[in-house]
Amino acid sequence: MKLEPNTKVALVTGASRGIGEAIARRLSSDGLFVIATATSRSGVERINGHLGASGIGLEMRIEEEDSVGKCVQEILDGYDAVDVIVNNAGITRDNLLMRMKYEEWKEVIDINLSGIYRVVKPLLRGMMKKRWGRIVNISSVVGRMGNSGQSNYAASKAGLEGFTRSLAQEIGTRGITVNCVSPGYIETDMTRDLLQEQVEEIKSRISVGRLGRAEDVAALVSFLTREEASYITGETIQVNGGLYYF
Ligand code: NAP
């Protein structure tokens, strides 16, 4: 597709709903052309509906090498390279470790952590050639504080933060920054099943007294993708309303 000269291209994974959708909408309103992914055809159609001419939806299952490969090839064929990658796709499979099946462990690590390797690696060369890029990884407050029943999820997010600090050191001199945005409790499908008493207990530990909105996260992602954020890299920034967890 032919874009206006100097239009920046962003890839947002897992953008059919929740935080990813808010990020895709925000970046497109910032003037970027947004390539946004979903795992199903209906998700892709939903994305195409909300992005209109300022972006496009593609299908991608991040745990499947072939699926990521096909999606990345479509991006490279259509747009040569991306300027911004937002690694947002993520899942939970909660269980106490004593009861956790290996499949529950593996699925979370495969999607939340190994998925980043599959997506970022083939897109890095193009970014390095441009000598400009922004990579934003969506972590979680749980990666730092831990949470009973989420050892798989916490491990995946803590891993993501270590990946971020390392890659930032590898490519900083090429004008590419790599950061994590770490949301607290945000109102999306992921937190919809929390019991009312759990929500009240969580709120009592949040300074601003409410759960977050997907747009609260998107606002920081937007800032980190801008030119003026060029001196922030390897960092993990919390968006958690002052959730007290130490
Ligand atoms: P969500 O509403 O459940 O949406 C998840 C997104 O990821 C969807 O677009 C989904 O696509 C996609 N996805 C799921 N499995 C995938 C797979 N196998 N391959 C590729 N994409 C897949 O989640 P959310 O709450 O917006 O969370 C987004 C990110 O923020 C996650 O990384 C999550 O860990 C992180 N986070 C969330 C919270 C929170 O409180 N909500 C807090 C901290 C961090 P489909 O629609 O096609 O399934």
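**Entry 1: α4 and α6**

I started with helix α4 (residues 102–130) and helix α6 (residues 151–171), which pack at an angle of about 15 degrees with their axes 8 Å apart. This is a predicted model, in which local features need pLDDT of at least 70 and side-chain atom pairs pLDDT 80 or more, while totals for chains, interfaces and linings use all residues. Residues are numbered from 1 along each chain as its sequence is written, and side-chain values use heavy atoms, with hydrogens and water left out.

I noted the terms. Helices are DSSP runs (H or I, at least four residues), numbered from the N terminus. Axes are lines fitted to C-alpha atoms over the stretch in contact, and angles run from 0 to 180 degrees between N-to-C directions.

The angle makes α4 and α6 roughly parallel to each other (angles under 35 degrees count as such; over 145 is roughly antiparallel, 65 to 115 roughly perpendicular, the rest oblique). I found the crossing to be right-handed (the near helix is turned clockwise from the far one by less than a right angle).

Next I listed the contact (heavy atoms within 4.5 Å). On α4, the residues include W105, I109, L113 and L124. On α6, they include Y153, L160, F163 and I171. By class, I read 14 nonpolar, five polar and two charged residues in the contact of α4 with α6. Here Ala, Val, Leu, Ile, Met, Phe, Trp, Tyr, Cys and Pro count as nonpolar, Asp, Glu, Lys and Arg as charged, and the others, Gly among them, as polar.

**Entry 2: α1 and its partners**

I moved to helix α1 (residues 18–29) and helix α8 (residues 214–224), which pack at about 50 degrees, axes 8 Å apart. That makes α1 oblique to α8. α1 passes α8 in a right-handed crossing. Among the contact residues are I19, I23 and L27 of α1 and V217 and V221 of α8. The contact of α1 with α8 divides into nine nonpolar, two polar and two charged residues.

Then I checked α1 against helix α2 (residues 41–51): about 30 degrees, axes 10 Å apart. This crossing is right-handed. E21, A24, R25 and S28 in α1 meet R46, H50 and L51 in α2. I read two nonpolar, two polar and three charged residues there.

**Entry 3: the ligand**

Which residues are closest to the ligand? I found S16, T39, N88, Y153 and T188, out of 30 that surround it (a heavy atom within 4 Å).

I also looked up polar contacts (N or O atoms within 3.5 Å). A backbone N or O atom of I19 lies 2.8 Å from a ligand oxygen atom. For G14 the value is 3.1 Å. For G184 it is 3.5 Å.

Key
Helix = DSSP H or I, 4+ residues; strand = E, 2+ residues; numbered from the N terminus. Polar contact = N/O pair within 3.5 Å; in protein donor to acceptor, adjacent residues only side chain to side chain.
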